[in-house]
Every structure is written in structure tokens, then in C-alpha cells.
Amino acid sequence: MIVGLIISAVLMASIVAILLEHQSIDRNLFDTLPKQTQMKARPHITAARSHWLFMGDIFFGRYINDWSEASSLKEKYPFQNLDQFERQHYNAWIANFECPSVAGLHLSSAATDKTLTFNCDPNYLPEAAKWFTAVSLGNNHTDNQGAAGFRSTQENLTANHIQHFGGYDPRDHANLCNVITLETTVTYDSGSDKTLLLPFGFCGYNAVFKIPSDSDLAEITRYSQLLPTFVMPHMGTEYQAVPGSLTVATYRRMIDAGAEMVIGNHPHWVQPSESYKDKLIVYSMGNFIFDQQTPPEKTRSALIDVDISVKNPSEVEKWSSIAESCRGNFNACEKLASDNTLSRLSLAYKFDVKGSNDGNKLVKPATPSELSAIKDRLKWDQTMGALGQ
């Protein structure tokens, strides 16, 4: 028995020696492999930037529809000069769509003028989708075809891959805000670039007839606690050069509620901007694509150019991984962010302003003198100085 135990011990020692020898050989072989065959560190995002252009009112009904029907371009007619605004330099164009879009409803210009009841044929939307990433429906015309027409408008926009947010009634909290996903260009420590999607909160308020209550504005707070949230309200007196005190107070309350910035419309004229609590407010951008042709107030508009950089880029890839599930679904986004312990994205902004003029039926970039007048009305230099830019 003792002899058997000795033989077993010798055999075990021999096996261990052989294994150790092979382990040493394998380690030595690994050390001599070329570096490119060894495991590389995963690239990290060092910067993330997105470039947006906010635009004023867009509309494809009434006389614009007449001009389009008379043109060989048909539904492409209103968009024919948009390449002059260098769409390729922006990740997103965002505008106020001041019109329901219901199929099979053809209103004459005379009937539209008489009732100011709008409709924009959905046949314009495929072309619009080539330019506009998202639109606000928070205005005083998206209810012109009733609640069913509003739902059809949402469905038609979605079918044409135009994201949307906002509603005609500030008490309808289900439609005030939405999660919009926008492209962001990220740079890795390897020096390579890539485009990713990130989710943001957008809210659209029609305050023309009903001033939003604190509970209405609490939707901004709910979204902004999770996502950077941008607000496009519709309020004020038409055809005025300055906002009224109630508009000023309401837009500032939106900043107080958590908005990153407030970009307003409704007056159809350009109105001033301001810095409030180090946040940008633009009271009215004016008409971008509209059929009001009395120059210069109704035909010129301000385009707010926003260059965004993410201050915590290490969070970008995590947010991008849930962006598709977040789109249009705040509750899903909130749960996924919690499950993945994501930190809210922190953003820095650099602003610029462009100008447009849609006189003579077609929108085009503003001339230098027109842009100067637009900036003067905006009090742009004063606002940028207050924002430290």
C-alpha cells in the first residue's frame, strides 16, 4: 500500500511539473506577440456636440398651397431654397408647425381667410421631412380640425418621420412634452468620430387663450429632472415689436420650472431676446415659411443657432444605448435611466443668430442689412453679453 502511495505521489508531481512548464511557455509566447494582437483598451468618448437650428412659424396652407399648385414643383415648391440655409451643417432643424395636417380636406384660400381655419395637406410632409427633424404643435391653430384632426396630424407627422411635441391645450398634459431623439457627433480618444442618438425633452405650450398654470408647467419640471428640456411656447399679441408683461412673466416661469431655454412665437414679428437666470429666452422668431407677404415685419424671421456640447461625455454612450426606447416614451426612458443608473446629461451652449426673409413667396437667407435689423430687434448683442458670449 505504501509503495502504491509513493508511486501516485510521483505521478502527481510529474503532472504538476508538466502543467507549470506549459503555463510558462504560454506566458512567454504571449509576451512575444505583436502589440496589435493583444487586447486593446475600449475607446472612450472625450467630446460630444450637437448643432441645432430653431426656426419660426412654418405653414403650407392657404396661399402657399395656391402657389404650389400653380408651380410645376407642386408640394416641393415651398422648400426649394432651403439648401441655402446649409442644412448639412446641422444635426436638427426644429420649427413651429402652425397648421393641422389632415388628409382629404381641401380648403380654398377664401374660406381659410374667412374663418382662419387652417389645414396643410399631408402631401407636403415627405418633402418637409427632408429638412425638419421635429416640430412643435403647441399653438393656436393645431386644433382647427378638432381633436380628431390633431390626432391625425400627429399620426401623419410620425408616418413621415417628423418628431413632434406640444399641444393646443395646456391642460392636456399628455401632449405638452415629448422625448425627442437627435443626432450628436461624438469624438473618441482614438481621434475617430461617430454619430449617435441622444434623448432630449421638448415641450410646446399654446398660451394664446389659456395661461399655463403651475401644474401645467410642472410637466417641464418632470421632464427636466431626467433630460435637458427645451420649451417652445406660443403666446402674446400679434404684430407687436415687444412682448407684453404677461408673456415675459410666463416665459420666465418656464425657466424657473427647469427649461434649458425658451424659444417663443405667435406675434408673427421678431421680438427681443433676454438672459434670465443665465438662460436664453427669445420672445418671438417670426415667420419662416408663411404666406403673409407684407414686408418687412411679417416676412423676416430670426433663426436661433445653438451649438451644444456635453459636459459629462462619459454618460453619452449609456444614454445613446436607450435612446431608441426613449423616443416618444418618457415613462420607458425614466425606467431605463433608473435601471442603468444614468446621470442627467449636462450641456453647455454657444448661440448665434441667422436671418431669413420669405417675401416674394419663397424663403431665403436674409441680406446683411436685414440680418442687422433682426439682431437689433432681438437685442442680440446685449443678450449675448449677459450670457457671457
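The lining of the second largest pocket divides into 6 nonpolar, 9 polar and 2 charged residues. Here Ala, Val, Leu, Ile, Met, Phe, Trp, Tyr, Cys and Pro count as nonpolar, Asp, Glu, Lys and Arg as charged, and the others, Gly among them, as polar. The model is predicted: local features need pLDDT of at least 70 and side-chain atom pairs count only at pLDDT 80 or more, while totals for chains, interfaces and linings use all residues. Residues are numbered from 1 along each chain as its sequence is written, and side-chain values use heavy atoms, with hydrogens and water left out.

A pocket is an open set of points on a 1 Å grid over the protein atoms alone, where a 1.4 Å probe fits, with protein on both sides within 12 Å along at least five of seven lines; lining residues have an atom within 4 Å of a point. A volume is the space filled by probe spheres set on the points, which are joined across faces, edges and corners.

| Pocket | Volume |
|---|---|
| Largest pocket | about 360 Å³ |
| Second largest pocket | about 250 Å³ |

Of the 17 residues lining the second largest pocket, A174, C177, N178, Y223 and G328 are the closest to its centre.

The largest pocket has 21 lining residues, and T133, H161, I162, Q163 and R327 lie nearest its centre. By class, this lining has 8 nonpolar, 9 polar and 4 charged residues. Strand β5 gives the largest share of the lining of the largest pocket, 6 residues. Strands (E, at least two residues) and helices (H or I, at least four) are DSSP runs, numbered from the N terminus.
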